[in-house]
Amino acid sequence: MKYFFIPGRNYDLSKAEIVSVFSTFISSNYNFQFSDRYILVDSKESPEVITRVFNRLGGFLSCGLIYDDVDLIIDEISELQRVTFGVSIYTDLPKNYSKDSIKTFLEQLKDLLKSKEVSSRYLMPNGLTLDSAQVLHNHLIDKGFELVIFDFKGKKTFGRTLGVQNIEFFSKVEFDKPYTNKEMGVLPAKLATIMINLLGLKDGETIWDPFCGSGTVPLVALSNGLNVLASDIDVKAVEGTQKNIEWLAAGNQLNTVNMNVFQFDVLNPDGKIVSTLRKTAFHGLASEPYMGPPQFKRMSVTKATKLLSGVESLYSNLFLLLENLKLYRFKAVIVVPSYKTFKGWMTISLNSIVSKKWKVESNLKEGDLHWKRSDSIIKRNIFVLSKKN
Ligand SMILES: C[S@@+](CC[C@H](N)C(=O)[O-])C[C@H]1O[C@@H](n2cnc3c(N)ncnc32)[C@H](O)[C@@H]1O
């Protein structure tokens, strides 16, 4: 079977994430085809298994099954009596798809369904694609269908959506949690999910977030079946993370809660905690350090230099500590900021924070992975580092 995956805004990050998740959770053979706007995967796995894998992802909008013809989708639907449906079009020729032509096409599909005794209503896309909320709220996946048309280089391919991103979960973690500290900066929940997935850990393994803040990484990790160590220098962040985890667990979003949240200063590590960490089995680290208060305009070089030097010392101390913890097959996924200054972008080099005992994952080129909103003045570079044994 052939499946499609529609990546979000940061394509390279999504691509790295899906490669990691498939290699962790799919043991049968599969084959990826990458193109700019979507990713195709040949796999023997069932739609249920592929949907479960998709539900783990943070960097994707939807996934579905590829069909040779629209008629095959309509044949499947004709078992139902009443459906809501819609269409999303991905194309290099958007001018070929006017609002009127989309409406005519949807009317034709409606007539076709009627001829098969299926009564239907359709949703018009905003532009060329339906958004996740439209698909979810109108039950297009379970009680109808979203037809997806890929029209590139004059060739059309059709698909039916199997899953769309869990926008409710991401927005709950980002906006509804009881404790938050906007001054410190909050990691987007989708990015936390991608970072965790880049670690390639199996359910039940443990990750550490040493700059947990309000706990985005712990909340997402626990939801994905991992165990969590979370720490922060700030006692308010420690208590807040604890509270947020209890809140998520109380809302039945967590099956098991296996976590330990503690106060820890990476720059002045407490000897007792370090010796406990030495005896604790953990398998990966995902974290974003303090990168300064939210920024709304370009920075002076002096300010960026100061913030970057803070990040540099947090990471260099952290990695030195990790080197002394006898970790085996250990990976760290970290955010390194770039700041837009009056003299261009500024960042720090990886050499200044990690020793030669760490290597950047070979399938990812240094600097390729980043998370950025188009107009933002902070760019988050994502690095996957593995400890050489
Ligand atoms: C950007 S925030 C983390 C945000 C978090 N990922 C979230 O989504 O809420 C960085 C955190 O690093 C913590 N921090 C700063 N210096 C630290 C240090 N020396 N040791 C440990 N944590 C520190 C801050 O208290 C802050 O909570």
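1. Helix α12 has 23 residues, and from its first C-alpha to its last it reaches 32 Å, close to the 33 Å expected at 1.5 Å a residue; the expected span of a helix is taken as 1.5 Å times one less than its number of residues. Helices here are DSSP runs of H or I with at least four residues, strands are runs of E with at least two, and both are numbered from the N terminus.

2. A word on the basis of these remarks: this is a predicted model, in which local features need pLDDT of at least 70 and side-chain atom pairs count only at pLDDT 80 or more, while totals for chains, interfaces and linings use all residues. Residues are numbered from 1 along each chain as its sequence is written, and side-chain values use heavy atoms, with hydrogens and water left out.

3. Among the buried residues of α12 are Ala-304, Leu-307, Leu-308, Val-311, Leu-314 and Tyr-315, where buried means under 20% relative accessible area, exposed means over 50%, and partly exposed lies in between (1.4 Å probe, protein chains only). Ser-316, which has its place in the helix α12 (residues 301–323), is partly exposed, because its relative accessible area is 26%.

4. Not counting residues up to four places away in sequence, Ser-316 touches Ser-352 and Ile-353, a contact being heavy atoms within 4.5 Å. The side chain of Ser-316 also reaches the backbone oxygen of Ser-313 at 3.4 Å.

5. Thr-193, in helix α8 (residues 189–199), is buried, because its relative accessible area is 3%. Leaving aside neighbours within four places in sequence, Thr-193 is in contact with residues including Glu-17, Arg-56, Phe-170 and Asn-224.

6. Eight strands form an open sheet with mixed pairing, in the order β2-β3-β1-β4-β8-β7-β5-β6, and two strands pair if DSSP finds at least two bridges between them. The edge strands, each pairing on one side only, are β2 (30–34) and β6 (119–123). On average, neighbouring strands of this sheet are turned by 30° against each other, direction ignored; axes are lines fitted to C-alpha atoms, for helices over the stretch in contact, and angles run from 0 to 180 degrees between N-to-C directions.

Conventions: Polar contact = N/O pair within 3.5 Å; in protein donor to acceptor, adjacent residues only side chain to side chain.
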